[in-house]
Amino acid sequence: MGLLTGSLIRLGSTAVAFWLATLLIPGITLDTASAGEAVVTLVVVAAIFGVVNAVLQPIVKTVGCGFYLLTLGLIALVVNGLLFLLTSWIAGEVGLPFHVDGFWPEAVLGALFVGIVTWLLGTVLDRD
């Protein structure tokens, strides 16, 4: 599978995961007037989330390596929740109608849910 196709599949599966999170997790909202606006918002939020994860997560893992070892990786839930909350903040600053109410439980559960759904969709859709 090509690089562009794989990237589009990952972006689409992340957007679907965000959409499902807005439906299933209270405190994660998407306030749009039309379906087209919702799709564009979800794709942009998924792209923001991808950039935030690609840029910040390796830095956080490197700097906080001791915490990952000390907590046997459970600190990753906190880090992912904070990155999810950061994505919501950036979306709000850009003017997108996507919002996460708070860190616990909304951002942590949202990050966990989006991670699991994206992984599941990736295993189903990412076949050669």
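In the predicted model, V108 touches L77, G81 and F103 when residues up to four places away in sequence are not counted. V108 is found in helix α5, which comprises residues 103–125. Its relative accessibility is 8%, so V108 counts as buried, the cut-off being under 20%. For one of the contacting residues, G81, the separation from V108 is 27 residues in sequence, whereas the C-alpha atoms of the two are 4.1 Å apart in space.

The axes of α2 (residues 35–63) and α4 (residues 75–94) come within 9 Å and cross at roughly 135°. This angle makes α2 oblique to α4, because angles over 145 degrees would be required for a roughly antiparallel assignment. The crossing in which α2 passes α4 is right-handed. On the α2 side, the contact is made by V45, I48, F49, V52, N53, L56, Q57 and V60; on the α4 side, V79, N80, L83, F84, L86, T87, I90 and A91 take part. By residue class, the contact of α2 with α4 divides into 12 nonpolar and four polar residues, with no charged residue present.

S88 lies in helix α4 and is buried, with a relative accessible area of 5%. Leaving aside its neighbours within four places in sequence, S88 is in contact with F98, H99 and V100. T41, in turn, is found in helix α2 and is likewise buried, at a relative accessible area of 3%. Beyond the residues up to four places away in sequence, T41 touches L30, T32, L96, P97 and F98.

The buried residues of α1 are G6, S13, T14, A15, A17, F18, A21 and T22. The elements that cover these buried residues include the helices α2, α4 and α5, together with β1 (28–30) and β2 (98–100).

Definitions and conventions. Residues are numbered from 1 along each chain as its sequence is written. This is a predicted model: local features need pLDDT of at least 70, side-chain atom pairs count only at pLDDT 80 or more; totals for chains, interfaces and linings use all residues. Side-chain values use heavy atoms; hydrogens and water are left out. Axes are lines fitted to C-alpha atoms, for helices over the stretch in contact, and angles run from 0 to 180 degrees between N-to-C directions. Helices (H or I, at least four residues) and strands (E, at least two) are DSSP runs, numbered from the N terminus. Angles under 35 degrees count as roughly parallel, over 145 as roughly antiparallel, 65 to 115 as roughly perpendicular and the rest as oblique. A crossing is left-handed if the near helix is turned anticlockwise from the far one by less than a right angle, and right-handed if clockwise. Contact means heavy atoms within 4.5 Å. Ala, Val, Leu, Ile, Met, Phe, Trp, Tyr, Cys and Pro count as nonpolar, Asp, Glu, Lys and Arg as charged, and the others, Gly among them, as polar. Buried means under 20% relative accessible area, exposed over 50%, partly exposed in between (1.4 Å probe, protein chains only).
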